[in-house]
Amino acid sequence: WGGGGGGRSRRDKAMLRSGAVWATKSRAGEEAVRVVGRQSWLVLGRHELPPWMGRRTMSIMDRYRRIRPAPEPTQQPWATPKLSAEDPIARASGSDHRATQGGVDVDALQRELLQRPLAYTRAPLPAEAQLCSFEPPVQPANPCSLRIGLAGPPNAGKSSLMNALLGCPISAVSPKVNTTRDGLRGIKTIGNTQLVFIDAPGIIPSHSREENRELVDRAWKGYRDCDLCLLVIDCVKRPTQEIFDLVRKVCPHEDIGRSEVRRRQQAAEEAGPVPKAWLPRPPSESQALQREEHRPPVVLVLNKIDKAEELRWVRSRDHEFRAHGTFDKIFYVSAKKEQGLQKLLEYLTLQAPPRKWTYPAELKTTLSHVDQIKHLVNTHIFKWFNIDLPYKIEQQTVGWTPRLDGSLLIEHELIVKDSIVARMVLGVRNTIVSRLRDQVTYKLRKLWGMNVELKIWVRPLRQRLSRRDR
């Protein structure tokens, strides 16, 4: 009963169920209404019942469509076009005598296929994307080359410094420790000088786990392979005793015995000729070489000076490190603000010995294209997620499809342990993974100099219900 005046009595309900004639008094007057079924009403008489007595004739969706009508359907690009008489294809084939085959208009079918968007099948990953291959470099006149190792405690800004020196985002950067898991190399060519930067994990273990010991071993290997070591230190964070022990190990002060011998020899030369037997015997050359073996010159780089409130705090950190070790040079830089980098590059260029180039001049890194994608994805994953989640996400590239317009379609996959972690990575309505795709795509286009489209999929290894799902 259309929402009228109050409830119904038992007698009224019984009459409605039995289908009897029932008279009611309303604003439209007395009318006899016969119930046909339980929900449909038949109006008898010349006067119509008010809206509250009859059934609803308009749904909510009908009212919504009246207020906001739907737009006209547009023709899709793959829809069959209408051939007109002015169309050159229609004139060539003839409107009345078109080529048909089995009752199908061949010209219209060809036109439809031409206007339909191109469909691509996923191409397998080529070997060129998995490996870094290059031709032997063309040697310039008087080539010079220098291998530079980046050492320092975790989260000191080594990867940020290398990216700033190279001018492109190659290494993963995040506020978390041990973001760089494997040693990678970046190449900077200036004139006839080639600088090879070796970025390694933190040389001081952040935890006592076995995997952190392996990272430290890789860092020491990169330190031994370099010609010059850049010891990168965070000038804002107070150094610990482990950092001072590291300084005394890689660039110690001169031994007390050797300094005393040198002091006595200088005093004897100033006093006059003295028999050699009276002078202390210096250490043998074999012992000196054994002590200085695998010890490249060390340059101290105090990073993050933009975060220091005053310059005197940076200078006090400089004096503090000079008391624990001997450095060839000290630089104040900011990798984020690109301050002091030009002077550092000029100094490194002058230190390069004459040596043939190892890599071509246009090469920027020894990482393969797949590894470059992984490092760029790690940059954002380590920034956006907390605790140990970024360390447990595995990655693989599953598709590498070149297109006819010269662009490249890459399909990348993030492998997580279960469906709950997959929801965290995807975000609400895939907002996180969409933002990750846009950021990595922009950096890949800037790094490779070509149009790249990246698609990122998240694949859980198993399904697991959360507490809300149960």
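Strands here are DSSP E runs of at least two residues, helices are H or I runs of at least four, and both are numbered from the N terminus.

Quick housekeeping: residues are numbered from 1 along each chain as its sequence is written, and side-chain values use heavy atoms, with hydrogens and water left out. This is a predicted model, where local features need pLDDT of at least 70 and side-chain atom pairs count only at pLDDT 80 or more, while totals for chains, interfaces and linings use all residues.

So, the strands. β6 (residues 144-151) and β8 (residues 193-199) run parallel, joined by seven bridges; two strands pair if DSSP finds at least two bridges between them. They belong to an open sheet of six strands with mixed pairing, in the order β7-β8-β6-β9-β10-β11. At the edges you have β7 and β11 (329-332), each pairing on one side only.

Now look at helix α12 (residues 341-350), which packs on that sheet and touches β6, β7, β8, β9 (228-234), β10 (298-303) and β11. A contact, by the way, is heavy atoms within 4.5 Å. The helix direction makes about 110° with that of β8; axes are lines fitted to C-alpha atoms, for helices over the stretch in contact, and angles run from 0 to 180 degrees between N-to-C directions.

Which residues does L348 touch, leaving aside those up to four places away in sequence? L146, I148, L195, F197, L228 and L230. L348 is also among the residues with the most contacts inside the largest nonpolar core, which has 57 residues. A nonpolar core is a set of buried Ala, Val, Leu, Ile, Met, Phe, Trp, Tyr and Cys residues joined through side-chain atoms within 4.5 Å. Helix α15 (residues 431-448) gives the most to this core, six residues.

Next, S171, in the loop between α6 (158-166) and β7 (184-190). Buried or exposed? Buried, because its relative accessibility is 4%; the cut-offs are under 20% for buried, over 50% for exposed, and partly exposed in between, with a 1.4 Å probe and protein chains only. Its side chain makes polar contacts with the side chains of S159 (3.1 Å) and D199 (3.1 Å). That term means N or O atoms within 3.5 Å; within protein, one must be able to donate a hydrogen and the other to accept it, and residues adjacent in sequence count only if both atoms are side-chain atoms.

Finally, confidence: the chain averages a pLDDT of 76, on a scale from 0 to 100. Residues 76-85 fall below 50.

How values were computed: pLDDT = per-residue confidence, 0-100.
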